[in-house]
Amino acid sequence: MLELSILGFLYDQPLHGYELKERIKALSGHVRPVSDGALYPAITRLTKAGLLEQRTEPGAGAAPRRVLSLTDAGRAELLSRLRAPKDVEITDGQRFFTLLAFLRHLPDPAEQAAVLRRRQAFLDAPSSFFYEGGEPVRAEGAGDVFREGMLRIARATTAEERRWLADALSRLEVPPRPEVPPRPEGQGPEVA
């Protein structure tokens with residue numbers, strides 16, 4: 001998800017390494033903090049792959065700063081990753097949120113909707129944190145107040161996400177309006 005975040009944030013504008021790190025940290029740092037030891041090797045890999053460009057500009061102090069920007073290949077790579085996310089990017093909540101942060105970059109609403117439909121299908125499958133006899137444990141049968149809390153919170157979150165998905169899909173999948181031929185000039189509306 002680190003590479004997706006790098007590509008996604010740089011899609012909008014070139015950034016200094018520190019600015020990029022702060023944006024990534026704001027998106028997912030509380031869950032998966034990003035370290036320099038992970039960020040800068042990822043930037044190096046993406047640069048070597050021809051997806052990023054780096055240029056140096058004077059810094060506010062004495063040290064120059066590297067400015068990162070996407071190449072055309074980097075833009076194409078981001079769109080490719082958004083069109084066909086890995087299964088874990090659909091099923092893992094934090095990874096899905098990272099995907100959502102950049103899904104707007106896909107220009108085709110049908111492609112955006114296809115990604116949301118995959119998440120919807122995942123949420124519609126019965127699941128739980130705990131299983132007994134191969135069946136998902138429900139909050140009411142959790143056996144202790146803490147597991148019950150986990151399951152109730154997950155159920156409420158999932159219910160809200162389902163509502164949002166249904167709303168987003170209805171907005172993305174608006175059927176095309178039938179074309180109405182233009183009226184010849186000088187003719188007003190038909191009166192019945």
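**Exercise 1.** How many salt bridges does the structure hold?

*Solution.* The criterion is a side-chain nitrogen of Lys or Arg within 4 Å of a carboxyl oxygen of Asp or Glu. By that criterion, the structure holds 16 salt bridges. This is a predicted model, where local features need pLDDT of at least 70, side-chain atom pairs count only at pLDDT 80 or more, and totals for chains, interfaces and linings use all residues. Residues are numbered from 1 along each chain as its sequence is written, and side-chain values use heavy atoms, with hydrogens and water left out.

**Exercise 2.** Locate the partners of the salt bridge between Arg45 and Glu3.

*Solution.* Step 1: the N to O distance is 3.2 Å. Step 2: Arg45 belongs to helix 3 (residues 36–48) and Glu3 to helix 1 (residues 2–12), so the pair ties together parts 42 residues apart in sequence. Helices here are DSSP runs of H or I with at least four residues, numbered from the N terminus. Step 3: Arg45 has a relative accessible area of 46% and is partly exposed, a class between buried (under 20%) and exposed (over 50%), with a 1.4 Å probe and protein chains only.

**Exercise 3.** Which parts of the chain does the pair Arg162 and Asp124 link?

*Solution.* Step 1: the closest N and O atoms of this salt bridge are 3.2 Å apart. Step 2: Arg162 sits in helix 8 (residues 145–172) and Asp124 in helix 7 (residues 109–124), 38 residues apart. Step 3: Arg162 is partly exposed, at 35% relative accessible area.

**Exercise 4.** Describe the salt bridge between Arg163 and Glu160.

*Solution.* Step 1: N and O lie 2.8 Å apart. Step 2: the two residues are three apart in helix 8, so about one helical turn separates Arg163 from Glu160. Step 3: Glu160 is partly exposed, at 44% relative accessibility.
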